[in-house]
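Let's take a look at the disulfides of this chain. Have the sequence and the model open as you read.

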Amino acid sequence: MEPVLRRHGRRRNRIRYGAGAITAALALTVTAVGQASAADVNNAKNAGFETGLSGWTCSANSGAAVSTPARTGTGALKATPSGQDNARCSQTVAVKPNSTYSLSAWYQGSYAYLGVTGTGTTDVSTWDPGSTSWKQLTTSFKTGASTTSVTVYTHGWYGQSAYYVDDFSVYGPDGGGGGDTDPVVPSVPAGLNASATTSSSVSLAWTAATGATGYNVYRDGTKVTSVSGTSTVVTGLDASKTYSFQVSATNSVGESAKSAAVSARTKDPDDGGGTGNSKLPKHIVTGYWQNFDNGAAVQKISDVSNQYDIIAVSFADATTTPGGITFNLDTVGLKGYTVDQFKADIRAKQKAGKKVIISVGGEKGTISVNSAASATNFANSTYALMQEYGFDGVDIDLENGINPTYMSQGLRALSAKAGPDMILTMAPQTIDMQSKQGGYFQTALNVKDILTVVNMQYYNSGAMLGCDGKVYSQGTVDFLTALACIQLENGLDASQVGLGLPASTRAAGGGYVSPSVVNAALDCLTKGTSCGNFKPSKTYPDLRGAMTWSTNWDATSGNAWSNSVGAHVHALP
């Protein structure tokens with residue numbers, strides 16, 4: 001059922017949509033003749049109106065062939081409704097029984113409808129309220145067991161202004177009626193993505209479009225290049241700037257509509273060579289920055305202590321799309337902190353050699369990646385946030401379960417988009433890393449080649465087993481060293497293991513230890529000194545460092561945690 005629209009005035013001037021209201025129109029009837037050929041064709045005749053209205057019938061003399069505007073070729077249909085006529089133009093088209101056809105037409109102007117009757121199954125139609133440029137209407141239909149012809153049509157709406165139509169298509173099995181065999185405009189390219197970026201270029205790739213012989217590439221709405229393949233590198237860009245890109249497909253008939261846009265941000269010119277991990281110090285400190293006010297010191301990114309090498313923005317928000325994430329800056333809770341200031345502060349931290357990443361999850365996080373589709377959604381949406389805000393990577397802090405198969409798939413897809421500079425951190429709970437059979441541990445090992453560091457949370461935990469099989473309670477140096485040993489001896493490199501602790505007693509429900517205990521555990525693991533009762537069988541001088549929840553709680557305590565632990569980490573050999 002078409003929607004009902006009314007306007008004030010006499011009854012004859014009302015606009016009403018419905019099958020009973022369509023009284024004037026342009027109709028195209030399709031009659032099947034003989035045996036259909038194997039190849040799909042455009043079964044419409046004079047589909048581009050190059051020979052006037054030949055093959056077409058328009059109601060109340062409402063239609064006319066015009067030379068401008070023409071989308072392709074030299075002709076197009078102009079149909080003008082009146083108060084009692086909707087300017088319907090139609091044609092009978094030969095079709096093949098039990099077959100599926102794609103029905104499409106390009107239009108511009110006022111209200112335009114596209115539909116088909118006599119299918120022998122379900123007659124279909126579609127419409128659009130108007131467009132100032134050429135726009136494609138498209139639908140599809142299936143013919144019945146004895147259907148050999150259908151009527152395809154287009155029309156406007158009563159009392160509205162003229163609409164234009166060009167490049168009509170009834171594409172499918174040859175009904176034998178001798179329709180147009182000329183090529184049609186190619187389909188719209190799909191899958192556009194931006195991958196490697198430099199300070200002056202962005203690499204683009206997309207999926208081949210049906211019928212395309214070339215592609216036009218647009219930057220911020222302006223055509224910048226034409227290529228024959230499905231990838232290109234756009235150069236001559238400004239550093240540290242976000243651009244929007246689109247691609248259209250072309251052939252001898254014309255150009256498709258533009259693809260969905262993708263954004264990409266060029267790098268800072270001060271960003272040196274090497275991967276994201278190689279640009280970090282050997283030993284690092286990670287801190288979580290709170291995008292909310294929970295009683296800890298409210299901070300801007302610029303307020304975070306310089307002791308932190310990685311700042312994890314907490315947290316991303318789930319979307320209604322499975323696996324999809326977004327980010328919403330709490331400008332109210334953060335006392336007027338604006339998005340522009342936030343982005344500028346991220347860039348300033350990066351110029352100072354720091355990394356800023358988006359954290360996914362947290363105690364109340366509801367993001368779930370448990371299928372191939374959600375893995376793709378996760379990768380695409382995370383990369384979009386990296387491009388929008390300039391994040392250097394992602395932190396996985398899922399505290400309500402993790403699917404190692406699909407999370408690994410999503411992370412690898414994200415890495416393929418972001419390139420080797422991407423930072424990838426994880427913050428599992430202690431229970432998640434007791435065994436290699438755990439989902440979190442499996443995920444870490446699955447992506448080991450792109451993993452920066454795992455900062456397990458040595459807090460809010462019950463007693464746990466150490467690598468020696470003994471039980472240890474949180475809040476002691478032995479708890480830190482004996483549990484870290486499990487990761488160090490079961491597949492992770494020492495450079496991928498960090499110790500995660502709360503910055504103050506108020507930052508966690510349990511497990512707080514003083515900075516001196518954190519430093520003792522670091523010395524025990526890296527140098528074999530300052531150990532408690534547990535002594536590792538060997539030392540791990542490449543141990544990556546430490547993490548805290550949060551930079552805000554640290555600031556509440558005058559940065560006591562980062563001033564002590566940060567200095568100690570950075571002084572490790």
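A disulfide here is a pair of cysteine sulfur atoms within 2.5 Å. Keep in mind that this is a predicted model. By that rule, the count comes to three disulfides.

Start with C58 and C89, whose link is right-handed, with 115 degrees about the S-S bond. This pair ties together distant parts of the chain: C58 sits in strand 3 (residues 57-58) and C89 in strand 6 (residues 89-94), 31 residues apart. Both C58 and C89 are buried.

Next up is the disulfide that joins C467 to C485. Distant parts of the chain are linked here too, with C467 in the loop between strand 28 (464-465) and strand 29 (471-472), and C485 in helix 6 (residues 477-488), 18 residues apart. Buried or partly exposed: which is C467? With a relative accessible area of 33%, C467 is partly exposed.

C524 comes out at 0% relative accessibility and so counts as buried, while C531, at 22%, counts as partly exposed.

Here are the bond values side by side:

| Pair | S to S distance | Angle about the S-S bond |
|---|---|---|
| C58 and C89 | 2.2 Å | 115 degrees |
| C467 and C485 | 2.1 Å | 90 degrees |

Note on methods
Residues are numbered from 1 along each chain as its sequence is written. This is a predicted model: local features need pLDDT of at least 70, side-chain atom pairs count only at pLDDT 80 or more; totals for chains, interfaces and linings use all residues. Side-chain values use heavy atoms; hydrogens and water are left out. Helices (H or I, at least four residues) and strands (E, at least two) are DSSP runs, numbered from the N terminus. Buried means under 20% relative accessible area, exposed over 50%, partly exposed in between (1.4 Å probe, protein chains only).
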